[in-house]
Amino acid sequence: MADRIADAIVDAYLLQDPWASVNCECLVKTGAVILAGELSSCASVDIDRVVRTTIAAIGYNRSTKGFDAATCAIINLLNREPAAHTRNATSLISGDQSIVSGYACNETPQLMPASLWYSHRLMERYTTLYKTQRLKQLLPDGKCQVTLRYQNGKVIEVNAIAICARHRPGLALPALREAMTEELIKPVIPARWLTSATRLLINPAGALINGGPAVNCGATGRKTSVDTYGGVICHGGGVLCGKDPAQVERAGAYAARYIAKNIVAAGLAKRCAVQLAWASGLTHPLSLSINTFGTARLAPEHLTRLVTQHFDLSIHGIIDQLDLLVPRYRQTACYGHFGRESFPWELTDKAAQLRDDAACQNAARSHAHLIKF
């Protein structure tokens, strides 16, 4: 909820001013939204309206749900810096030091870790069931966790699915568990993975009637593993949501995913983690690290050479290549920043060229080997 509010504010500024500088932190607790950070833009945005519209869209539109978009307090501590900034495509430098990571693997067609992918799809369907009133007893605020069992690097079954679903009073747990199994789990999870050994833990602690900001304090960036790759790889400390796309924490993370996904899509590795390090005042990353976990068809130095040849890693190059100035970021705050084809950093448009150039490199090395001996 906090991430979505912060990114809705980012989008509102980008819509009027593509070069707006936005650092928005959000905290949500009982009856109140607190905003803090810095803004520099020529845009004029009704922030209160953006916040209330976003909260209502999530489903918190009555006090009986524990939070009301119409009546909650909004404490705006965003510092408005002078709008006459000179930020543009030719002046982009890193404003901070940062380490960002991207990852791809061949576990799913979307080249995402299967456990995280299916967790997000379950929560996406949960939202649909709630908003369409297909399951009328559901309320906003649910979460899930999927644990898979592997054999020889392949998923063979679901070990466990843990779901916490907030619901209205009076709903018996057996009825909730049956509804969640039939309407949520079975339509999403491949049937071959659901076995007699699979544990379905639906509200294992009992009824969940109270939830949302009335029970929990929400803050931007608290769920960075869920936003990215589910803890499969290390990630930097930078939060993605609430930042404009010219900041390296955001632009760099999207570029790293773009690189990793194209490497796997090209068949050059089964798994790939890309890490970029940045320092203040620079236009390009200080370092590029590629880890293929022993699955690559190329030596590390050859893979790195391919990446530097085919990807412009200047901040301006990343923004231009991935069309990052378009206000689309409130969508990223739900169901992860990665894995959905509607985002331009999910394109695999460089995979064919990477594959062809890798084949040429291999042929050239084979020819050199024949000449040598």
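Which residues of helix H2 are buried?

**Figure 1. Helix H2 of the predicted model, residues 47-58.** The buried residues of H2 are Ile-47, Val-50, Val-51, Thr-54, Ile-55 and Ile-58. Viewed down the axis of H2, these buried residues fall within an arc of 125 degrees, so they line one face of the helix. An α-helix has 3.6 residues a turn, so residues three or four places apart point the same way. H2 has twelve residues and reaches 17 Å from its first C-alpha to its last, close to the 16 Å expected at 1.5 Å a residue. Gly-59 follows H2 and has a positive phi, near 125 degrees.

**Figure 2. Packing partners of the buried residues of H2.** The helices are H1 (2-16) and H3 (114-131). Strands S2 (32-40), S4 (67-68) and S5 (73-80) also pack against the buried residues of H2, as does strand S7 (138-151).

**Figure 3. The UniProt domain spans.** An unreviewed UniProt entry lists residues 1-80 as "domain: S-adenosylmethionine synthetase N-terminal". Over residues 1-80 the chain is 34% helix and 38% strand, with its end C-alpha atoms 23 Å apart. The annotation "domain: S-adenosylmethionine synthetase central", from an unreviewed UniProt entry, covers residues 94-207. For residues 94-207 the figures are 30% helix and 35% strand, and the end C-alpha atoms lie 48 Å apart.

**Figure 4. Arg-121 in helix H3.** Is this arginine, Arg-121, buried or exposed? Arg-121 has a relative accessible area of 13%, under the 20% cut-off, and therefore counts as buried. Leaving aside neighbours within four places in sequence, Arg-121 is in contact with Val-188, Tyr-335 and Arg-340.

**Figure 5. Leu-138 in strand S7.** Leu-138 is buried, at 1% relative accessibility. Not counting residues up to four places away in sequence, Leu-138 touches Tyr-126, Leu-129, Tyr-130, Ala-165, Arg-166, His-167, Leu-176 and Met-180. Ala-57 is 81 residues from Leu-138 along the chain, and the C-alpha atoms of these two residues are separated by 16 Å.

**Figure 6. The largest pocket and its lining.** The space in the largest pocket is about 1600 Å³. Its lining is made up of 47 residues, of which Met-1, Asp-141, Gly-142, Lys-143 and Lys-223 lie nearest the centre of the pocket. Elements that give two or more residues to this lining are H1, H3, S7, strand S8 (154-167), strand S10 (218-219) and helix H5 (224-227). Helix H3 gives the largest share of the pocket lining, nine residues.

**Figure 7. The largest cavity and its lining.** Searching the whole structure finds two cavities of 30 Å³ or more. The largest cavity holds about 140 Å³ of space. Of the 15 residues that line the largest cavity, Thr-228, His-235, Gly-236, Gly-238 and Leu-240 lie nearest its centre. Strand S6 (98-105) and helix H6 (248-265) are the elements that give two or more residues to the cavity lining. The largest share of that lining, three residues, comes from S6.

Conventions
Residues numbered from 1 in each chain as written. Predicted model: local features only at pLDDT ≥ 70, side-chain atom pairs only at ≥ 80, totals over all residues. Heavy atoms only, no water. Helix = DSSP H or I, 4+ residues; strand = E, 2+ residues; numbered from the N terminus. Expected span 1.5 Å × (residues − 1). Buried < 20%, exposed > 50% of the residue type's maximum accessible area, 1.4 Å probe, protein only. Arc of directions from axis to C-beta. Contact = heavy atoms within 4.5 Å. UniProt positions renumbered as here; feature names shortened; annotations may be inferred. 1 Å grid on protein atoms, 1.4 Å probe; cavity = no way out; pocket = protein on both sides within 12 Å on 5 of 7 lines; lining within 4 Å. Points joined across faces, edges and corners; volume = space filled by probe spheres on them.
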